[in-house]
Amino acid sequence: MNLLAIETSCDETAAAVIAETGDSARPWALRSNIVASQVAIHREWGGVVPELASRQHVRDICGVVEAALSAADMTLDDAGALAVTQGPGLVGSLLVGVAFAKALAWSRGLPVVPVHHLAGHIESLTLAHGELPLPAAVLVVSGGHTSLYLVPAPGEYRLIGRTRDDAAGEAYDKVAKLLGLGYPGGPAIDRMAREGNDRAVDFPVARLTHADRNRPRATADGLLPPDVARRLDFSFSGLKTAVLRLVRERTGGVAAGKAAASDASGVTLPPGDVADICASFQRVVVDALLDRTFEAAGWLGARSIGIAGGVSANSRLRAEADARGRRHLIPVFVPPLALSTDNAAMIGAAGLRRLRSRGPGPLDFNAEAGLTL
Amino acid sequence: MTEEIRTSSEDETAAAGERLAASLNPGDVVLLYGDLGAGKTAFVRGLARGLGAPPEDVSSPTFTIVQEYHGRATLYHVDLYRLEPAEVDDLGLDELVCGDGIVAIEWAERWRGRPDDVIEVALESIDDEQRLIRISDGKA
């Protein structure tokens, strides 16, 4: 069966077609994956502009769906089901996809499956690599999210850690803006960091509790005890503030404040300094992400690690995760770039998973900005 | 009336938010001003706790723009950091502030049409840890 998936939770209008393969080890095949990338529009404004985004979704959605069908060499008659992102996200943006999918499902008599955006990111790993060895510890890290999940069984997602303030991708974007590197900040910092010394600046590592040498016992249901769960949370606000303070010191005060409060990036630091700051910042972020993920994997007896979301494209994160995985003898899975940033293919994968385990939902679901997984 | 509070940790900044929450009613609007790292999100975490919403649900809405937390009233946590004033006009904040929730808005200076009968919270970094918080309710 072919499933048509639609994703409009934030800045990307996306549609994709996923087919079932009948192979339980590699259950889904990607037939098409179309993203009407709005990066060109957003760059001008230094970020995601929601009203612009939702108008753009309305304008783009028909064309994107048609492109996804045609790239899969099929018509709507060949689709057996629909999936759509229900949340979390901007409600105005989500509504475009949800209303479109429900109307299409109603008019064609097709089942439609509501999907949590982060379930989509997690299932992007299975779409790309086949079923992961379970249980798996999966880090979803992007502009809007930094969350750590335990996947004990297919289609089960248990939140075991998340950011208490800024998402990692958000910290990248804000630091890039402070340094005058533009949007999106992740690739810009990643590029600069290659030229820099990652030990040049001793940025603070967010330590949320004291180090505990005793291996805590996992609870019977595989979840961490509450005190341990808190330790698996992330925090990137302090790091961001430390970069701001450093830039202020080196530029004599006002420049960084102005850059932070407006879209004018007026900071002029020597390129060598910028590279060193990028490299040092990136080292601290990557260590924080991987320390928690590998700790969780060890404590919970995970048999694999997944890293999904836009930040998983970061070169240092990929290289370090691979190196640690080899050291700890645990396989690490990262999706290809097209499945790491927001896309509909992952929504299709999570939709097929849910359709087969729980059946289609009723048509009366709504977009939910604060949907939890 | 303006109240000035000095805090010397992120937890104390959150506690100041928690105290303010005790006096908030559905329909109230809190506008937050302050530079990156001044403690706006920490203050909103305190608001959430004071309203009986799980404080661990609070994170920065810079990317998500609007987040909701459910306590004795719904707290809408808005962040205008990424937006140009012209885009803020189109965001529908008027509808949000006319609703039954409590609305807390970071980078509120980017909203040209912000109402007058609001509580304003200005956070300022004094040094690494210390913050000066000015809370004014717009009344004499």
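**Why these labels?**

Me: Why is Ile65(B) called buried?
Reply: Ile65(B) has 0% relative accessibility, and the cut-off for buried is under 20%, so Ile65(B) counts as buried. Keep in mind that this is a predicted model.

Me: And what is the phi of Ile65(B)?
Reply: Near 70 degrees, which is a positive value in a residue other than glycine. You'll find Ile65(B) in the loop between helix H2 (40-50) and strand E3 (66-70) of chain B. For context, most residues other than glycine have a negative phi.

Me: What makes Trp107(B) buried?
Reply: Its relative accessible area is 2%, and buried means under 20%, so Trp107(B) gets that label. Trp107(B) also has a positive phi, about 55 degrees, although it is not a glycine. Look for Trp107(B) in the loop between strands E5 (102-106) and E6 (119-125) of chain B.

Me: Which peptide bond into Pro88(A) is cis, and where does Pro88(A) lie?
Reply: The bond from Gly87(A) to Pro88(A) is cis, with omega near -10 degrees. Pro88(A) is in the loop between strand E4 (79-87) and helix H3 (91-108) of chain A.

Me: What about Leu134(A) and Pro135(A)?
Reply: The peptide bond from Leu134(A) to Pro135(A) is cis too, with omega near 0 degrees. Pro135(A) sits in the loop between H4 and strand E6 (136-141) of chain A.

Me: What is the volume of the largest cavity?
Reply: About 90 Å³. Of its 14 lining residues, those closest to the centre are Glu123(A), Thr126(A), Leu134(A), Val151(A) and Arg353(A). Helix H4 (residues 117-129) of chain A gives the most to the lining, with four residues.

Conventions: Residues numbered from 1 in each chain as written. Chains lettered and ligands numbered in written order. Predicted model: local features only at pLDDT ≥ 70, side-chain atom pairs only at ≥ 80, totals over all residues. Heavy atoms only, no water. 1 Å grid on protein atoms, 1.4 Å probe; cavity = no way out; pocket = protein on both sides within 12 Å on 5 of 7 lines; lining within 4 Å. Points joined across faces, edges and corners; volume = space filled by probe spheres on them. Helix = DSSP H or I, 4+ residues; strand = E, 2+ residues; numbered from the N terminus. Buried < 20%, exposed > 50% of the residue type's maximum accessible area, 1.4 Å probe, protein only.
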